[in-house]
Amino acid sequence: MYFTTHLLAGTALGEAAAAAGAPPWTAFLAGLASHAALDMVPHHDYHKARHALLDIAIGLALAALFFRGPFAAERFWGGLGGSLPDLEVAIGHLILSSGRPWRDFFPSHTGALPHPHWPLLQGLLTQLVPAVLAVCLLAS
Ligand SMILES: [Zn+2]
């Protein structure tokens, strides 16, 4: 899934964990778990650096809106947990493009968990649902 979707979902789960009274470190774990779960939903993935840069810019702009308020720290840690696994994807692309070997570690990237891909329109819609739900939670 896109960075923005993972970031928003993790951010919302970070707040939800905090609101439920869970210890702060659970925000990060909830974000990580959401990454694996969302990667198992059929979705579209891009393969061009310019699309990645646009996605990251959108995600970070939204994060700037939501990494504030009473649960700012938990939102941040949840968002970091939700989006951090895709850092290995970015690093992997850079290393592979230089001709050196690379191996992913996160289970939804290694094939240990399903990672189904759909065409753009359908795969975008499956990402909009969790992203919009997360925004609604964070904006409420
Ligand atoms: Zn991923």
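## Helix H2

In helix H2, the residues that count as buried are Thr26, Ala27, Phe28, Ala30, Gly31, Leu32, Ser34, His35, Leu38 and Asp39. The model described here is a predicted one, and in it these buried residues of H2 pack against H1, H4, helix H5 (85-97), H6 and H7.

H2 is made up of 15 residues, and from its first C-alpha to its last it reaches 22 Å, which is close to the 21 Å expected at 1.5 Å a residue.

## The largest nonpolar core

The largest nonpolar core contains 25 residues, and those with the most contacts inside it are Leu8, Ala9, Ala12, Leu13, Ala17, Ala27 and Ala134. Two or more residues are given to this core by each of helix H1 (3-19), helix H2 (25-39), helix H3 (49-66), helix H4 (72-83) and helix H7 (120-139), with H1 supplying the largest share, 9 residues.

Ala134, which is among the core residues with the most contacts, is in contact with Leu8, Ala9, Thr11 and Ala12 when its neighbours within four places in sequence are left aside.

## Ser108 in helix H6

Ser108 is placed in helix H6, which covers residues 107-110.

The C-alpha atoms of Ser108 and His47, by comparison, are separated by 17 Å, and the two residues lie 61 residues apart along the chain.

Notes:
Residues numbered from 1 in each chain as written. Predicted model: local features only at pLDDT ≥ 70, side-chain atom pairs only at ≥ 80, totals over all residues. Helix = DSSP H or I, 4+ residues; strand = E, 2+ residues; numbered from the N terminus. Core = buried A, V, L, I, M, F, W, Y, C linked by C-beta atoms within 7 Å. Buried ≥ 20, exposed ≤ 12 C-beta atoms within 10 Å, placed from the backbone. Contact = placed C-beta atoms within 7 Å. Expected span 1.5 Å × (residues − 1).
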